[in-house]
Every structure is written in structure tokens, then in C-alpha cells.
Amino acid sequence: MMAARPRTCPYCHADAVARVVHGTPTTEPAKLADTPDARLGLGAGPGSDGAAFGCRACGTWWPSPHAELQDRYPLPGVRWPSRPPRALDEDRLRDLVRGSLLWGAVGDALGRPNETRPYSTLGHEDDPGFVRTFQPWHGWQGGPTGTITDDTQLTVLVARALARHGGLVDPDDLSRDLVAWLPEARGAGRATRAAVALLEEGRPWWEVGPTIDSAGNGAAMPAAPVGLAHALDPSPGPLCQIAVTQALPTHAAPVGVAGAVAMAAGVGAILRLSLAGRALDPVALVGFMVRAIVRLEAAPSAERKPPHALVYLRERLAEVPDLLRDDPAEVLAYTWTGAFALESVPAAVFCFLRASDDPAIVLLTAANTSHDTDTIASMAGQLVGARVGAERLRREHPEWWTEVEFRDELTELANELVALRAPRDAVPAMRDRRAGGQ
Ligand SMILES: [Mg+2]
């Protein structure tokens, strides 16, 4: 059966995709016909039905299994919930981008000691395990106070991938980066490990993601840089598409992808508001995140807590603004707090929105809940950091500023993400995207 033509190029996100069948382009032949059929090798791709697609804008072509996978994640024509700032304050932009990465890393380091706490609990200040600041950690391989885990490692990986490709994510490169990272991974989730093991065997990413089919939060935890890099784009469409691409090699289940898109969209919208000096309306922000993912989940997911109700991530997120005045212990026992995107993404959004101008409260609420505390605190930190910036971390929490691991590297990466706003190079050379090809 012939593969459906994807709406946008997965590499440059232009609406310029042409079908190529057995080397014969059916549209825009002048561009694609320049490439000899022998080089294209159409029909020989892994699992190929003989069809392939090419992008008239960037010149990239790819075989149909990949294209079909991209087409499984429909994105709506969503608009930003707020206008861009009238005049761009570059220093403020740099501070907010740094803030998202650094507060995210602080949350990761604060949350890690509680990662195994039982579900449905929220620490209280008189509990012996209540976290107020960085703790020495004896899990994984230990490390000094301020040591981060896989959440920040993967965020760095995605930020570097964006910086290397002018704000885009090349899933082939990202897959290679994941394979190279695995030996250094700090507490990586099971799905991520399983996916990277398959990538290491040489399986193409567009097969690996659906094979693992993970609904975990492993693609949501590093999605913030996508939002930071694209917050000032005229439309949030490319941001959402890039977040999908970033998720696919490891977390291709619709709710796993939706978690990544929601986080990238949320961070982008918050940064945009902060830069313009506008107030944050929780209903408007969450409404935007919901609209960004509204078509991604074709079916609801079963909650893991009894009675295992069927819920869409978009439904659970939409509930958050109504929960902000409730007891955090009750709310987090309601969302649950595991590595499931359906649980931890709404939990992080809740922790952020209930105290969005007080980053310490945001992070300590998240770090003192249960189970996947490092990821929830890291994602909540990425959200609040895009609102309050890095300077407040340095000024109000000098011990966190001093001790958080990779502060200088994260700061430099933030600068690189800001620099992506410069004009991009035009059309790159035609590249063969099949497994093993380059
Ligand atoms: Mg972690």
C-alpha cells in the first residue's frame, strides 16, 4: 500500500514534501530529478514499499516507513496565546533561557533523593526525608550535592542537537547521540535504555520508537530546549513538529509524544509571556498546551492507579487550573507521580502553576512528592525558570547556584539556543536518510 504523503518535512518542517516513486518524483521534478536514481536507491530501503518522499525546501529525502511514522502524529494549526514582545530585550531573553535550563537542573538535583518514595505521598516539613536543599546522594553512583541525573543529561543532548542543526532536530543524529550517551547515563528509564539498545544494534529510529512504544516521560523531560529555541517563531507549528521528532526515537506512544509537545509548547509560551512582561493566566497557558496536543492521542490511556480510568493527557492537563487552590498532597495523589507522561507532566504543570512566581516553592513541592521526583522537579524547574530567569537563582539561592552541576555548560548552551535566532543557512545538500546512509 502506498504511504500517505506527510504534510511537512520532518527535517526542515517546510510544507514542501513531494512523493518520489521508484526514482520518479511526482511533483516538482526539477528539484528531485537532479539526483540520480542510482544514488537515491529507491525501493531498497528497509521495509520500503518502493515509495519515498523528498523535501523541495531542504533537499532531504527519506523512505516511506519513516514518512508514515511522522504522519501518525497529527498536529493542529495552533496559534500562540500571546503576541511577541514589542522590542526584544536580548539580555532578558538570555536570562530566561538560562533560567529554564538551570532551574531545571536544580530541580533534577533536588528531586533525586526522593525518587523512590511511595506513590500518593507528599512530604511534610517535619518528615525526616523532607528535602529543603541539595542532599548527598547514595543512589546510582553517588556524587556531590548538586549532582544531576538523566533528566539534565538528556536536556543537554537535545539542546546540543538543536544548536548543531540550526534549531532543528535531526533524528538520525539524535539517535547516534543517544547511543554515545548510554554508557554515561545516570538513572535512565527502562524505555530509554531499551530503545537505545536497539539503536545501538543498528535498527533505524523510525522502527525503534514504535517497537518500544513507550508512554513514559523520557521525551517530555528534555523537550524544554525545543520551546526555548522556538518561542519567538511566528507560529508554534514548527516547535510542535520538532518536539514530535525529538520524541520518536525513544517514546513513540502517542501519550509519550504528547508529553514532549506539551512541555515544549508550555516552555515556549511562558518564555514569550515573560519576555513581553505579561501576566501568566493559568487557563490560557494550559489551554494552549492542550490545543497543541489535541489531535495526538487517538485513544485515552488507562490510569495506573485504581480504578484505572481511561484518560487523555489533554483532559488531565485541562483539569490543572481548577486544582490550583487544592491541597498539593491531594492533587499529586490524584495525578500520580510516576514516569508515565500522563502522571508526571500534569504533576509538573501543577507544581509550577500553583506558585509560578516562587521558584523555590515550585521545586520543593515537586521534589517532596513521590516516585519520579527528579523528573517532576526538573520539568517544573524548566517551566518556572522560563518565567523568572537565572539571575534570581544566583541572587536568591547562591548555594544552589554554586553547587548545581554543569552550571557553566548549561549557561553556554543557553547562549547557543539564543543565538539560533540568527538567520539560518539556506538549502543544505541532498542527504540520504535511510538507515546507515548519509
Ligand atoms: Mg532522573
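Reader: At what angle do the axes of α4 and α16 cross?

Author: Roughly 35°, and the axes come within 9 Å; α16 is residues 359–367. The axes are lines fitted to C-alpha atoms, for helices over the stretch in contact, and angles run from 0 to 180 degrees between N-to-C directions.

Reader: Which residues make that contact?

Author: W103, V106, G107, L110 and G111 of α4, with P359, L363, A366 and A367 of α16. Contact means that the C-beta atoms, placed from the backbone, lie within 7 Å. By class that is seven nonpolar, two polar and no charged residues. Ala, Val, Leu, Ile, Met, Phe, Trp, Tyr, Cys and Pro count as nonpolar, Asp, Glu, Lys and Arg as charged, and the others, Gly among them, as polar.

Reader: Before I go on, is this predicted or experimental, and how are residues numbered?

Author: This is a predicted model: local features need pLDDT of at least 70, side-chain atom pairs count only at pLDDT 80 or more, and totals for chains, interfaces and linings use all residues. Residues are numbered from 1 along each chain as its sequence is written.

Reader: OK. How do α4 and α5 pack?

Author: α4 (residues 90–111) and α5 (residues 150–164) pack at about 155°, with axes 8 Å apart. That makes α4 roughly antiparallel to α5; the cut-offs are under 35 degrees for roughly parallel, over 145 for roughly antiparallel, 65 to 115 for roughly perpendicular, and oblique for the rest. L101, G104, A105 and D108 in α4 meet D151, T152 and T155 in α5. By class, this contact has two nonpolar, three polar and two charged residues.

Reader: And α5 with α6, what's the angle there?

Author: About 145°, with the axes 10 Å apart, and the crossing is right-handed. Q153, L157 and A161 in α5 meet D173, L174, D177 and W181 in α6. The residues divide into four nonpolar, one polar and two charged.

Reader: Switching topic: how many residues of α10 are buried?

Author: 10 of the 11 in α10 (residues 237–247). Buried means 20 or more other C-beta atoms within 10 Å of the residue's own, exposed means 12 or fewer, and partly exposed is in between, with C-beta atoms placed from the backbone. The buried residues of α10 pack against α5, α6, α9, α11 and α12.

Reader: What about α13, which residues are buried there?

Author: L313, R314, R316, L317 and V320. Seen down the axis of α13, they fall within an arc of 165°, so they line one face of the helix; the arc is that of the directions from the helix axis to the C-beta atoms. What covers them includes α11, α12, β6, α14 and α15.

Reader: Why does Y334 count as partly exposed?

Author: Because Y334 has 18 C-beta neighbours inside 10 Å. Y334 lies in α14 (residues 328–335), and its C-alpha is 8.9 Å from that of K305, 29 residues apart in sequence.

Reader: Last one: how many helices and strands does the chain have?

Author: 20 helices and six strands. Of the 438 residues, 54% count as buried.

Technical notes. Helix = DSSP H or I, 4+ residues; strand = E, 2+ residues; numbered from the N terminus. Contact = placed C-beta atoms within 7 Å. Left-handed = near helix turned anticlockwise from the far one by under 90°.
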